[in-house]
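Please keep the structure in view while going through the numbered points.

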Amino acid sequence: MTKNILIILFGTLIIPYSIFAQIKIDSSYVKYFENTREVPFLHFNKTSFLRGEEIWFKAYIQEQNTQKLHPTTSNLYVSIFNKNGTLKDQQLIHIKNGLGHGSVLLDSTYTEQYYHIKASTRWMKNFNEDNAFYQKIKIISKNDKKYSVVQNEKDAFEYKLFPEGGHLIANAINSIGILIKDKNNKGLKIEKGIIRDQQDNVIRQFTTNELGMNSVRLFVKENEIYRFSILLSNGKELNAYTPKPDSKGITLNVVNKNSDKVALHVISNKNTVRELHGKRYRIMIHNTRKFRNFYFSFNHTKQNYFLPIPKEELFPGINIVTVFNEEDQPITERLTYLHSEELFHELKPIVKKASPDSLKITFTNPTKDVIYSSASFLPSTTKAYNPQNNIMSAFILKPYIKGEIEDVHSLFDQKKDSKLRRLDLLLLTQGWSKYKWNNIFNNPSKTIFPFENGIDLTAKFNSSISSKQSILLFSKENNLLHTIQPNENPWTFKNSFIKKKSTIEFGVNKDDRITRIAPALSFSGGTLLDRLNKEQVSNEVFVNEFETSNFKPLKGEYETLNEVEVRGIKDKNVKEDPEIGVYRKIDMEKAITNSGMDLIEFIISKTPPFKPISRVELNGRNVIREPWLLKGVYLDQVKSVHYGTDIQVVLGQPAYAFFIFTYSNIEMVRKNSSTSKIKMPVGFATEKEYYSPKYPSLSNDTFKQYGAIFWKPKIELGSETISSITIPISIQRNVTTYIEGITSSGKLISQKVILKTD
């Protein structure tokens, strides 16, 4: 942890400040954030689906302290809950170097219109703050119905005022944030609002932006409560009231407009400065990884203390500004954002038509970083992509902010100053810090839940095993072959990455014969007792957005979709297909041979008299000059042999060639064995290759608004490289792609790109 301390003194009187107080706050802060923290983000191919489709997603896990991909996380639990918060399904995703991907089939059991997806780890349960990822999904079907709003219209709106710094100070200028949202939790733009005092005098007017946010600076009189009135389009009036101001105290105003400085204003009043004269306060600017301290002393003649902070003294991204009093108590706090180009990276895809029905998209990486990204390709008229967070808001904002963030796609577009203003208003009206100082000082995290690395499988054998026996565990699906000794009972297979629903086999090995043995199995990990936080369970009444006139469901819905599975481990057997020549093949399982004959004897028996041998390949390796490798290899270990005249010649005459393929270890075990087969009840989800659903039409509104064209979860670009992918265009004139990603140095990518097909 890097600690840079810059001391700035204000006022005319400077008094000593206890170095022990500084050490207490600093050490508590460092200790609270010293453990690694995981921040997950899921990039979905879309967020509204037809029943029978598959939800496809790419997982990115950030390490909060380094802000790079997490190097050691391996177990990510992706849980699906219904609208009441009841767990519907859960998958365990294998994460490698911070990345993973998966899918969920929306079969006939998904009968509700809305579900919530949560991504988290067991280690995350150790912390007071919830860093889990959440996304709400919608399922479109021909049975969807429109819902009417039955609640009181005024109760359907959220209309709140937020004093900057958390409270108002009497007889001082205060900054007040304004937030108004409609029944669907969307910001409401107000063209004219009016502020009145208790005598109903109009003090000033205000507006809100399209997200329903703004702020005003207002001189607040002692004991005065102000009314903020807005008029709805139907003529109804909504009112919000300021809290009663404190007669004494201080508040904080942050102005983040200047290009090279952030201005901090510590504001008080006459009653306060008389009592605080000579007392030294501390301003701490921090972001969980680093912090800097600034100090000032109060003077009874000064009520407003101005502190200009050069932006190079702040941290890229979120900065939490906390003011401590002379007793080391946090009394006011504000979040602000510092834009920096080092946070972001932009991909510039080049599009060319590869064929009448496909596009070739080329990505270039001119940097020294490695780029890891994913892309969803949807019709340009899609309504199906509405994520609650992109990778930028998930990694830059969500680790620090408690609450939901609206319109994430436009928050980090820095081409206009208005976007910075919008983000600052969000931090003022919705930017409550996740981190409570009471927890930092008194309730540090405790390591109760382990940092998982795979699944521990324990097998207990009730049958007695002699010292001359051993137990074999093997699974072709998981590429496993283990020998368990008699004294290893129970036996634990630590940190395994066994696939769920895969088959593992157990057998007792004696004299090269395998007989069945059925162990009792137990597992450490594989499932997570999880729940959906109450604030994530929505009780809102939604108006159905699906208004297409020619809705056509997937044919037979989920029944007609075929799963295309890719094995987690590739088959490592050597391909039995010699490269050249025409050869005879002997399938040794069907041939009548002397199993006690070794390979050298067999080769001699099959070679015609006086014929030279040009090649002898054993599982793809030419061993003609290493004949000792054939010793000890007997015919019962051989799977097949290809042999005959080679196209090569030796000493002017045709030569013979042999291509020999032996059984793999697992095949040898299975050849003469009787085993107990167990289907794994827990384990990691099997990764699938993307397939296009069988839409009944590619030209109707169903597909144009809610269909999917293509999904590419793995677009990786090495340092200074170029890579291309080809996608179908499904007769669409334009294709919209949503790209999310991260570089090896932690720079973030989130782009919406329109691909023109003509």
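1. Asp646 is buried, as its relative accessible area is 4%; buried means under 20% relative accessible area, exposed over 50% and partly exposed in between, with a 1.4 Å probe and protein chains only. The residue belongs to strand E39 (residues 638–650). Strands (E, at least two residues) and helices (H or I, at least four) are DSSP runs numbered from the N terminus. The side chain of Asp646 makes a polar contact of 2.9 Å with that of Ser614. A polar contact is a pair of N or O atoms within 3.5 Å; within protein, one must be able to donate a hydrogen and the other to accept it, and residues adjacent in sequence count only if both atoms are side-chain atoms.

2. The model is predicted: local features need pLDDT of at least 70 and side-chain atom pairs count only at pLDDT 80 or more, while totals for chains, interfaces and linings use all residues. Residues are numbered from 1 along each chain as its sequence is written, and side-chain values use heavy atoms, with hydrogens and water left out.

3. Three strands form an open sheet in the order E17-E18-E21, with antiparallel pairing. Strand E17 (251–255) and strand E21 (304–310) are at the edges and have a single partner strand each, so one side of each lacks a neighbour in the sheet. E17 and strand E18 (residues 261–267) run antiparallel and are joined by five bridges; two strands pair if DSSP finds at least two bridges between them. Opposite Thr251 stands Ile267 in E18.

4. Another open sheet has four strands in the order E42-E26-E44-E45, again with antiparallel pairing. Which strands stand at its edges? They are strand E42 (710–717) and strand E45 (748–756), each with a single partner strand, so one side of each is left without a neighbour in the sheet. Six bridges connect strand E26 (residues 371–379) with E42 in the antiparallel sense, and Ile371 has Leu717 in E42 as its bridge partner.

5. The structure holds 35 aromatic pairs. Rings of Phe, Tyr and Trp (its six-membered ring) pair if their centres lie within 6.5 Å; planes under 30 degrees apart count as stacked, over 60 as edge-to-face and the rest as tilted. The ring centres of Tyr281 and Phe296 are 6.1 Å apart and the planes stand at 45°, so this pair is tilted. Tyr281 lies in strand E19 (residues 280–286) and Phe296 in strand E20 (residues 291–297), 15 residues apart. Tyr281 is buried at 5% relative accessible area, and Phe296 is buried at 2%.
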